[in-house]
Amino acid sequence: MKNALVYFVLLFCLFFSCKEKEDEGILSLSVDSLEFPSESSIKNVQIQCDRDWHIESTIGWISFIPTSGNGNATLEVIVASNDEDTDRTSSFYVTAGKLSEAISVTQKGTYLSVDSVEVFFDRDGTPQEVTITTRYAWTIDNSEALWCEVEPMEGSGSGTITLTPQSITEREPRYDDRIRIVCNGSSYYITISQDVENTPPTVPELISPVDTVLPSIYPYFEWTESVDADGDTVLYCIQYSTSENFTTYSQFGPFSETSYLLNDPVLLENKNYYWRVRAFDDYWGGDVYSEIGWFKTSGNIVYANDSIFIEQRSNVSSGPAPTVVFLGDGFTQEDFAKGSLFDLVSQTAIESFFVAEPFSTYKEYFNVYRIVTYSDERGATVYEDFTDYDVPAQEVNTAFNSNFAGGASLQIRCNTEAVFEYVVEKLSESPDIEFTEEDLDNTTIVLMINLKVYAGTTSVSRTGRSIAMCPIGRDTFAEVVCHEGAGHGFGRLLDEYIYYPSVAITEQEREWIESFRNDDDPWMYGANISFTNDKQEVHWKHYFNLPEYAVSVLPGGLTYGLDVWHAEEYSCMFDNLFYFNAPSREAIVRRIMQITNPEEEFDWDAFHAKDIQKSYLPTGMASSIKRSAKKLPEPIVVY
């Protein structure tokens with residue numbers, strides 16, 4: 001009995017000793033020491049840890065981002081510049097519970113100083129001297145300013161160097177180039193510039209607005225071109241002020257054009273402003289100013305034609321990002337007054353595009369823009385009197401030639417090439433937006449058409465760009481935007497309608513759809529449609545063993561009842577519900593991820609974790625939509 005008791009005590013102690021050791025956890029650092037130059041700089045340390053950790057340090061010249069965390073992390077170690085002549089060394093600790101790891105930090109001292117960090121040469125190129133003070137050896141690097149010769153190119157201890165510019169043979173600007181001095185592993189810089197013979201450009205003359213009252217707060221500035229006798233490029237800046245003597249002013253530019261549309265609402269209503277144009281070339285002494293003009297803004301705020309409103313920037317991607325552009329057709333100037341028709345329908349369209357999952361969850365990934373575009377006439381062309389609406393045949397002159405077949409048809413067409421060209425031109429010209437022709441392939445354009453009918457058609461391209469044509473309707477606009485813009489346009493989904501329950505899809509139509517699926521990948525196009533009902537082969541088979549999903553293989557789609565299948569009973573692509581079924585949601589997220597992270601494979605587990613609405617629930621906006629929605633036309637393919 002006594003031996004058993006001793007054995008139990010030993011076992012008890014051993015268990016808790018191991019338990020205590022296990023509870024100590026993991027803490028390791030990628031380095032145990034860091035060396036910095038004398039100037040302020042940053043280095044990273046990788047922390048591997050399985051619990052909360054924090055930094056222990058009282059060093060005033062070192063800071064950290066972050067100072068604490070949980071789990072693995074990248075730690076930024078930031079040192080201030082060392083203005084002393086000697087090196088300095090210290091240590092800090094990363095602590096996690098009972099674990100603690102130290103990192104020693106060494107920073108070099110400032111070994112060298114110069115009596116002038118900026119040197120200006122006159123036009124004759126008179127040599128300039130700079131005195132170096134140091135106790136160490138040094139060398140000169142003038143590779144960033146080869147037009148300046150330095151003598152001597154190396155030395156030891158304090159001394160004087162002479163800087164001599166070469167003769168000017170070409171009219172190349174010489175300013176803010178650098179001479180580098182390397183001493184004891186650290187770099188020190190002298191900035192050098194030289195004045196060049198220059199003739200200023202001619203003075204520009206103001207064209208508009210001059211001594212007038214504007215119809216809005218969005219002026220269109222225009223002025224004459226300046227001529228430069230030296231053939232230099234002339235740039236312009238617009239300066240405006242509420243003071244005629246320009247004691248304070250704001251400025252737009254520089255730009256090379258002789259006109260500028262102010263899209264941003266930076267001016268106040270019913271206010272007098274003064275403005276002038278500054279013209280200049282690349283050389284000192286090249287600035288000239290126009291005379292001063294004045295204008296008064298109006299209290300009746302009408303958005304200027306071609307104005308761009310940045311509704312949202314992607315806060316996930318600094319590079320390529322999915323983009324949605326909301327554009328109007330058949331809206332005249334009066335429709336663009338602040339708070340009027342364009343504001344109302346565009347805000348409804350934005351809300352409707354992002355109302356359904358996964359767009360609600362992933363909205364932060366998107367760039368969202370609105371563009372103001374005046375049409376000469378209100379409405380749209382209709383070729384035949386509408387059967388269900390009091391809209392007669394009519395010919396209307398609009399910016400993008402939106403036109404309806406009319407009668408019982410819900411088909412819409414527009415000048416797709418003009419729409420794409422316009423969006424690229426306006427977004428790429430905006431100083432606040434980075435956009436190229438290539439970005440158009442990541443862009444869905446919602447063309448809001450000023451006609452109150454129920455209809456909708458989307459033009460889709462093999463490359464990814466799309467135009468969802470959505471008339472503003474009566475009570476149907478929101479669902480059309482969701483179906484056409486979010487579904488067909490961005491999601492590249494297909495209709496799940498069944499018009500002909502006893503008819504099979506044609507081989508030609510099937511091959512046409514499969515030609516869009518690069519490398520036979522159904523997630524690329526029409527991911528909500530399958531051409532097999534084999535549960536071992538269908539591309540959404542991974543949902544079948546997940547009870548929270550209502551995914552199956554149901555007959556019908558693309559208007560046919562045979563040889564084509566869809567995944568769920570409820571779907572936006574069937575009857576305009578604000579609900580995308582599981583394969584549709586996955587396809588949408590796959591496209592978002594492919595745009596923002598093209599080199600990474602799709603992470604289904606991450607998608608699954610964020611997939612918050614796994615089956616249809618008739619709540620919110622979705623509950624107002626009836627299952628009797630009239631079927632909209634299939635997408636039009638454009639190239």
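Biologist: In this predicted model, is Asp 563 buried, partly exposed or exposed?

Modeller: Asp 563 counts as partly exposed, at 41% relative accessibility. The model is a predicted one.

Biologist: Where is Asp 563 found?

Modeller: Asp 563 belongs to strand E39, which covers residues 559–566. Its phi is positive, about 65°, although Asp 563 is not a glycine.

Biologist: What is the phi of Arg 492?

Modeller: Arg 492, which is not a glycine either, has a positive phi of about 55°. Arg 492 sits in the loop between helix H4 (477–490) and strand E37 (498–504).

Biologist: Is Arg 492 buried or exposed?

Modeller: Arg 492 is buried, and its relative accessible area is 6%.

Biologist: Turning to peptide bonds, which residue is joined to Pro 66 by a cis bond?

Modeller: Ile 65 is joined to Pro 66 in that way, with omega at about -10°. Pro 66 is placed in the loop between strand E5 (62–65) and strand E6 (68–70).

Biologist: And what is omega for the peptide bond from Gly 253 to Pro 254?

Modeller: Omega is near 10° there, and the bond from Gly 253 to Pro 254 is cis. Pro 254 lies within strand E23, residues 250–255.

Biologist: On to cysteines. How many disulfides does the structure hold?

Modeller: The structure holds 0 disulfides. For Cys 183, the closest cysteine sulfur is in Cys 148, 20 Å from its own sulfur, and therefore too far for a bond. Cys 183 is also buried, with a relative accessible area of 0%.

Biologist: In which sense do strands E8 and E9 pair?

Modeller: Strand E8 (residues 88–96) and strand E9 (residues 99–107) are antiparallel, and 9 bridges connect them.

Biologist: Which residue in E9 is the bridge partner of Thr 95?

Modeller: Ser 100 is the partner of Thr 95.

How values were computed. Residues numbered from 1 in each chain as written. Predicted model: local features only at pLDDT ≥ 70, side-chain atom pairs only at ≥ 80, totals over all residues. Heavy atoms only, no water. Helix = DSSP H or I, 4+ residues; strand = E, 2+ residues; numbered from the N terminus. Buried < 20%, exposed > 50% of the residue type's maximum accessible area, 1.4 Å probe, protein only. Disulfide = S-S within 2.5 Å. Pairing = 2+ DSSP bridges.
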